[in-house]
Each structure stands twice: as structure tokens, then as C-alpha cells.
Amino acid sequence: MQIQTGRKDATREKTTQDKESTIPAELPILPLRGTIVYPMTVIPLNVGQARSIRLVDEAVTSSARIIGLVTSKDENIEEPEPKDLYAVGTAAIIHRMLRAPDNSVRLIVQGLERIRIGEFTAHDPYLKARVTIADDHVATSVEVEALQRNTIELFRRLVSLAPNLPEELLMAALNVEDPRQLVYMIATSLRMDLKDAQELLELDTVADKLTKLNALMTKELEVLELGKKIQNQAQGELEKTQREYILREQLKQIKKELGEDDEQVVELKEYDKKIADAKLSPEAEKEARRELDRMKTMPPAAAEYHVIKTYLDWLTSLPWSKTTTDNLEIAAARKILDEDHYDLKDIKERLLEYLAVRKLRLERGGDDEARSYKGSILCFVGPPGVGKTSLGQSIARALGRKFIRMSLGGMHDEAEIRGHRRTYIGALPGRIIQSLKRAESKNPVMMLDEVDKLGADFRGDPSSALLEVLDPAQNKNFRDHYLDVDFDLSQVIFICTANQLDPVQPALRDRMEIIQLSGYTEEEKLNIARGYLVPRQITENGLRAEEIKFEDDAIRQIARDYTREAGVRNLERQIGSVCRKVATGIAENKSAPVIVTKERVGEILGKPRFYGEVAERMTMPGVATGMAWTPVGGDILFIEATKMPGGKGFIVTGQLGDVMKESAQAALSFVRSKSKELDIDTKFFERNDIHLHVPEGATPKDGPSAGVTMATAIASLLTDRQVKNDIAMTGEITLRGRVLPVGGIKEKVIAAHRAGLKTIILPKRNEKDLDDLPDQVRQELKFVLAEQVTDVFAAALTGKRASGSNGNASRAFAPRRERVPRAATKSV
């Protein structure tokens with residue numbers, strides 16, 4: 001509802017006429033940068049540009065002293081043109097002018113009315129434009145009155161929060177009745193963006209101006225209230241800290257009067273005693289004393305105080321001078337090693353050599369001379385389950401030392417070895433130092449397990465960090481990043497384990513003494529099971545020795561038909577399964593003491609997981625048995641050849657590597673070159689294709705040692721003569737027919753023996769490797785040492801052609817691997 005009297009309308013018309021007669025139709029325009037002058041307000045201005053100073057000089061000398069104040073759209077423009085100015089400004093009268101020493105002019109101006117720029121009539125020496133007065137539409141209504149009251153209330157809250165707004169300004173606003181004047185007065189003192197200020201000026205009605213002003217003040221209030229809240233919180237925290245400090249100081253004085261030490265003094269004395277008792281090295285003690293002195297100058301609440309405290313805890317808890325006494329009785333050590341492990345003569349002899357040297361140096365040179373003996377870094381390399389890790393425990397027990405096992409598999413961060421620097425939050429020493437702290441001994445046996453499975457990425461290369469740890473010439477001064485002082489690792493016996501050597505960094509491999517552990521024969525597994533595995537599983541499954549007994553044939557059956565491994569891990573698992581079945585029956589009172597025979601193995605464990613197929617495969621020409629090396633021990637593999645109508649084609653399949661494909665091509669070339677001697681039709685190759693396949697296509701295979709096997713399979717196919725079904729072979733061939741030596745002989749021969757084969761063809765130059773074989777294997781196998789491929793043919797091929805290639809195959813004695821693809825590559 002709008003209520004407007006006729007007297008007010010008449011007054012407004014008269015006021016408008018007076019304005020138009022007072023403000024000229026053409027005004028000099030003074031551009032403003034970054035500020036806006038509102039009507040009915042008084043504001044100081046600084047004028048510095050030459051043309052603006054000239055405008056002011058001429059305006060002051062005129063009778064009206066009125067100028068137009070228009071704001072520039074971009075405050076960075078030094079001399080704005082008409083297009084750079086807003087269209088709405090304010091007509092203002094100059095009340096006072098003062099010249100400053102720097103030739104600038106300071107003005108006191110009062111805004112009169114809004115003006116709207118029509119057209120610019122002059123550009124030089126300053127801007128002039130025709131203007132029209134833009135009246136603000138003022139309507140007296142309940143809405144305007146409500147907006148006016150809300151504006152005053154918001155301004156009251158602003159003054160209470162903003163330190164730059166004086167109380168006098170609030171009193172002046174309270175005494176203003178004209179809503180138009182109230183808008184301009186508050187807008188002049190309010191902090192707002194230039195765009196918002198210009199928009200407020202350009203609004204035509206007072207109601208719109210009040211609405212816009214309320215929105216701007218509400219936003220400013222939210223910012224000020226949030227700032228006040230943050231300030232109060234910070235002040236509260238500061239007051240709390242100051243209060244705690246004062247209370248602590250008072251508590252110190254009270255304890256001093258009572259003759260008691262405060263907690264910090266007691267703690268510092270404890271650390272001083274720890275440093276003295278730890279028997280640190282001179283460098284470590286100097287660093288510890290320096291950090292303790294820093295602690296004394298800090299309040300306990302300081303973050304650095306706790307960092308230093310943790311550092312001193314680590315430094316003083318390490319075994320700087322704590323060692324265990326070695327058991328140098330060689331006979332006792334030999335007994336302990338024999339109790340824990342079967343065979344492994346080379347490793348046992350190497351340890352006894354170490355003990356013997358230590359004993360002689362101690363007897364002839366004293367304790368210091370004995371401790372200075374560094375020995376070698378041992379690395380046990382072999383397939384899983386052969387006892388590498390447990391052997392380390394036996395060595396520690398034989399020496400009377402503490403044992404620490406540290407798994408390196410999957411480690412990618414160098415800091416795992418060397419530790420983190422103390423500048424990082426939550427920093428800790430590396431795992432070497434942590435292990436020594438747990439062992440509480442300076443000379444433990446430390447086993448670094450799975451050293452071949454170390455990784456490397458952007459965080460560093462742990463294998464490179466191990467170079468210092470495993471170098472007897474350097475590890476006396478091992479420096480962990482966290483401790484930042486030298487620690488002597490020379491008395492630690494480091495033993496590494498690996499499944500294969502190829503992934504180990506050459507520089508790291510050079511620092512270690514490599515000891516190979518091959519797979520076990522069936523007889524060795526039998527002895528291990530009788531002496532170690534069966535007694536352990538009987539005890540672990542709550543049985544007594546008289547309640548279960550394993551016959552030797554039963555153990556052989558388990559090893560042959562239910563496991564296929566170089567070690568004995570799965571064998572022990574199957575024995576444990578038998579013991580659990582027996583324990584279940586005894587617990588339910590359903591069975592008396594059990595004798596596990598060969599026949600009962602199948603009843604307890606179910607159907608065999610592996611079955612024989614060597615003789616079955618060998619009933620057809622074109623199939624030969626080879627031997628392969630894998631990271632988990634040796635294995636046998638079959639190479640099959642077949643022919644089909646075609647023309648000189650040769651296909652090789654079975655996921656073979658490049659080296660193995662080249663061996664296949666060399667084998668075919670040699671057989672073709674010996675066509676006449678082998679009684680092969682020379683036109684056969686023109687009319688037929690040959691396909692050579694190595695089964696188990698999911699397993700990658702590579703290497704040159706299957707050359708003789710491939711040549712034998714091709715020769716068997718083309719001559720229609722079977723390969724003897726109890727024979728396996730390995731060796732690289734040349735185009736001239738020579739058989740070259742290959743590696744992994746021990747693992748390959750043991751795998752063939754495990755498969756039940758009786759004759760092994762090896763290169764002549766591998767004869768020396770037969771000494772590494774177990775005595776039982778050498779006695780039960782016949783070895784043919786070949787220098788030429790023709791020697792292999794003579795030993796492997798039957799004397800007469802096969803009568804047919806589709807006869808019924810009979811199952812034989814040799815087991816075959818279960819069809820589970822392996823990720824590891826076979827080296828053949």
C-alpha cells in the first residue's frame with residue numbers, strides 16, 4: 001500500500017525543477033578509478049592526472065563549481081576514454097581544494113544527484129558531456145519502512161563487528177529519516193565490490209536500493225561473524241596454552257618448595273642413565289648427549305621433544321655391546337645339525353669350517369681376534385621345501401646364537417633396509433636395526449629370506465641398499481638413516497635364501513657364497529619322513545607313537561602318487577592329513593592303533609593326484625622324453641613330432657622361446673642332412689610337413705638343452721622307430737651333430753629318477769656333474785655319455801621299425817605332473 005499526500009507531490013515537483021535549474025545541462029566529467037561517489041554524501045578525492053587537475057582548476061573558478069563524477073569500468077586504465085566509463089554517475093559540488101607538495105590536488109566534494117551521460121561534447125583538454133538528472137523514485141510504503149528498519153538493524157550489527165566503522169556513524173544513521181539518504185550514507189561506509197557499488201547507484205527506486213544493500217550487508221555480516229568465530233577459537237587455544245604454562249610453572253615451584261623433582265627432570269635423569277648404561281659407540285654417545293641437551297631446553301609439550309625422546313629410546317635400546325657366547329664345540333654342533341636335517345653335507349661342512357676357524361682364532365689370538373673374523377655371507381639356493389629356512393634356525397641353535405628371520409619378498413622401498421630420515425613424521429629405523437633390537441644381541445644369525453624376490457620402483461632399490469649390509473668389508477660401519485650413526489654389523493651371520501639366482505643383482509650375488517640345495521630323491525624323502533616329518537606330525541596332531549605307524553611303502557606311495565615336488569613340504573602336508581584322519585577316528589572311539597600301509601593310503605587320501613604316462617607316450621614313433629630345469633626343481637617333458645601331407649613346412653608349438661625354436665630348426669636340419677644314413681626317402685620333405693610340439697602349452701619353455709631330444713623325436717618319426725620307453729636325454733646340438741654340455745644336470749637327473757626312468761643320455765662334457773648326484777641315483781640309473789647326435793640315436797632308438805602307431809598303450813610306472821599351469825619358465 002502506497003500513501004502519498006498531494007503536498008509531498010508538489011514538493012517533489014518543485015525540488016526537481018530546482019535541481020534542473022541548479023545543475024547545468026553540460027558538465028565537465030572527472031573519471032574516477034576504484035571508487036564511487038553517491039548523492040547526499042561528502043567524500044575526499046585525490047586528483048593526480050594533468051587533464052583532471054586542469055578540469056578541477058577551471059571548475060573551481062566557475063560560479064557553480066559543479067562537476068560530473070563517473071567511475072571507470074577498468075581501474076587499471078590511466079586515462080579512460082568515454083567508452084571506458086559507466087553511463088550513470090553523480091553530479092557533485094567542490095567544497096574545498098588543496099594542492100599537495102607533489103603537485104596533486106585534494107578535493108572535498110559533495111554528491112548532489114544522480115546523472116545519466118547523454119553524449120560527450122569534448123575530449124580535450126578534458127572530457128565534457130551532456131547530462132540529465134536521474135531521480136531516485138521514493139515511495140512511502142510499509143515495504144520501504146520495513147526495509148529501512150532491517151537496514152538499520154543490519155548496520156548496527158556491522159558496526160559491532162567491524163572495527164573500521166565508528167559508533168558515531170551508527171548514531172548518524174539512526175537519526176536519518178530519509179530512506180534515500182540512509183542508503184547512500186551506509187553504502188559509502190560499506191566495503192563492497194566496485195561492480196556491486198555501481199549497480200546500487202544505477203537502481204532507480206529506493207526500495208530496490210534498500211533490498212540490494214540488505215543483501216550486501218548480510219553477506220558482509222557472514223564473513224565478519226566467521227572471522228570473529230575463528231579469532232575467538234584461536235584466542236581460546238592461546239589462553240589455554242598460557243594457562244597450562246602458568247600452572248606448570250606454579251607446579252614446579254611447589255615441587256621445588258617440597259624438595260621434589262618434577263617429571264621432566266626425572267625423565268631427563270633416566271635418559272642420562274640409559275645413555276651411560278647402553279655402552280654406546282663414541283659417535284653414538286656424542287649424538288645422544290647432544291639430543292639430550294636439546295631436550296633440556298624444550299617444554300615437554302613441544303612436538304620436537306617427543307621426537308627426540310623416541311630417537312633416544314631407539315638409540316639406547318640397541319645391543320651396542322651385548323653378544324651371545326658362541327658354542328664352538330664342533331662335535332656338539334654336528335650333532336644338532338644332524339638332528340634337524342638329513343644329509344645336506346656341503347652346508348654342514350661349511351658351517352663346521354666356520355666354527356673351526358673361530359675356535360682356532362680364539363685359542364691362538366684371544367677374544368678380539370676371534371670376533372674380528374668376518375667369514376662369508378652364505379646364500380642357500382634351491383627349490384621350495386628343501387629346508388633352506390629351517391636350516392638357518394639349526395645353524396643358530398648349533399652356534400648358540402639368537403635367530404632372526406626377515407622376509408624380503410615383495411619389498412620395494414629402500415627405507416625398509418636403511419630406515420627413514422628423522423625429518424619425516426612417524427620415521428623409524430630400517431628392519432635390520434629393528435631386528436637387532438628384538439634379538440637383544442649384536443651377533444645373531446640373521447636370515448634374509450627370498451632375496452631373489454626383491455623389487456625396485458620409484459621409492460628406491462632395496463637390493464642396492466643390501467650391498468653395504470652384505471659386504472663384510474663395509475658393514476662394520478652400517479649407517480641407518482634414522483639413527484644417523486654407525487652401527488657394527490660385522491658380527492652378524494647373514495644367511496640369504498633364494499629359489500633362483502637370475503633375478504639377484506650381480507653385484508649382490510658377488511658378495512655371497514652360493515650353496516646349491518637340490519631336490520630330494522625318493523629314498524631321501526623316505527629317510528626325511530621317517531626321521532623328521534612323521535614324528536613331528538604325530539606330535540602336532542595329538543597322537544602317540546604307538547597309535548599310528550607308517551610303513552615305508554606307504555610313504556613312497558604318498559611321495560609318488562600324491563606329491564610332485566623337489567622338497568618335502570607337500571609330503572609333510574599329506575602325512576599330516578593322514579594323521580588327522582587317524583586322530584579323528586581315535587577321538588570318536590572308532591579305530592584302534594593304525595598301521596598305514598600302501599593299500600590304506602588310497603582309502604585315506606582318496607584317488608592319486610598324479611599318474612604314470614611315460615610308457616603310454618612312448619608306444620608311438622615320434623615321441624621322446626627330455627629333461628628340464630625349473631625354479632622349483634627338475635622335471636621331465638615330452639617332445640612329440642608328427643607328419644602330414646604338404647610341402648617342406650615345419651611347425652613348432654608349445655609356447656617355446658626363441659632359443660628353443662632355433663634348437664628345433666637345428667635338429668630338423670641335422671636329421672635332413674643325415675637322410676641317407678638314416679634310410680629316409682630324400683623326397684619325403686618335399687611331399688610332407690612336420691609338426692613338432694612340446695605339451696603343456698600354458699607353461700613357457702626356453703633353452704638349448706632340448707636339442708638332442710628334438711632331433712631324436714624327428715628321427716624316430718621319419719625312421720618309424722620308437723624311442724625306448726625308459727630313457728630320457730638332454731643336451732644342446734650343433735649343425736655338425738656335436739652334443740654340447742648344458743646346466744642343471746643334478747636337478748634334471750633327479751627328476752628323471754623320480755619319474756622311474758632307467759637310462760639317462762647326457763653330453764660327454766657333463767660327466768663331471770655326475771659326482772654331485774646322490775649315490776643311490778648313480779647306482780640305480782644307467783648313464784650314456786654322448787659326443788655326437790648319432791650316439792644318441794644309437795642309444796635311444798629301437799632297432800626295428802614299429803609295426804603300427806595306433807596300438808593300445810599300456811599304463812606304466814612313471815608318474816606325470818598334475819595339469820596345473822606354472823607361471824615360471826622351464827629351462828630345457
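The largest pocket of this predicted model holds about 1,100 Å³ of space. A pocket is found on a 1 Å grid over the protein atoms alone, as an open set of points where a 1.4 Å probe fits, with protein on both sides within 12 Å along at least five of seven lines. Its volume is the space filled by probe spheres set on the points, which are joined across faces, edges and corners. Because the model is predicted, local features need pLDDT of at least 70 and side-chain atom pairs count only at pLDDT 80 or more, while totals for chains, interfaces and linings use all residues. Residues are numbered from 1 along each chain as its sequence is written, and side-chain values use heavy atoms, without hydrogens or water.

The lining of the largest pocket (residues with an atom within 4 Å of a point) consists of 41 residues. Gln516, Leu517, Ser518, Lys746 and Asp772 lie nearest the centre.

| Element | Residues |
|---|---|
| Strand S13 | 512-516 |

Helix H26 gives the largest share, four residues. By class, the lining has 16 nonpolar, 12 polar and 13 charged residues. Here Ala, Val, Leu, Ile, Met, Phe, Trp, Tyr, Cys and Pro count as nonpolar, Asp, Glu, Lys and Arg as charged, and the others, Gly among them, as polar.

Strand S13 also belongs to an open sheet of five strands, in the order S8-S9-S12-S7-S13, with parallel pairing. Two strands pair if DSSP finds at least two bridges between them. Strands S8 (403-407) and S13 stand at the edges with a single partner strand each, so one side of each has no neighbour in the sheet. From one strand to the next, the twist averages 20 degrees. Five bridges join S8 to the parallel strand S9 (residues 445-449), and Arg405 has Met447 in S9 as its bridge partner.

Elsewhere, helix H3 (residues 142-161) packs with helix H4 (residues 167-174) at about 170 degrees, their axes 10 Å apart. Axes are lines fitted to C-alpha atoms, for helices over the stretch in contact, and angles run from 0 to 180 degrees between N-to-C directions. H3 is therefore roughly antiparallel to H4, a term for angles over 145 degrees. Contact means heavy atoms within 4.5 Å; among the residues making it are Phe155 of H3 and Leu170 of H4.

Finally, a cis peptide bond joins Asp124 and Pro125, with omega about -5 degrees.

Conventions:
Helices (H or I, at least four residues) and strands (E, at least two) are DSSP runs, numbered from the N terminus. Angles under 35 degrees count as roughly parallel, over 145 as roughly antiparallel, 65 to 115 as roughly perpendicular and the rest as oblique.
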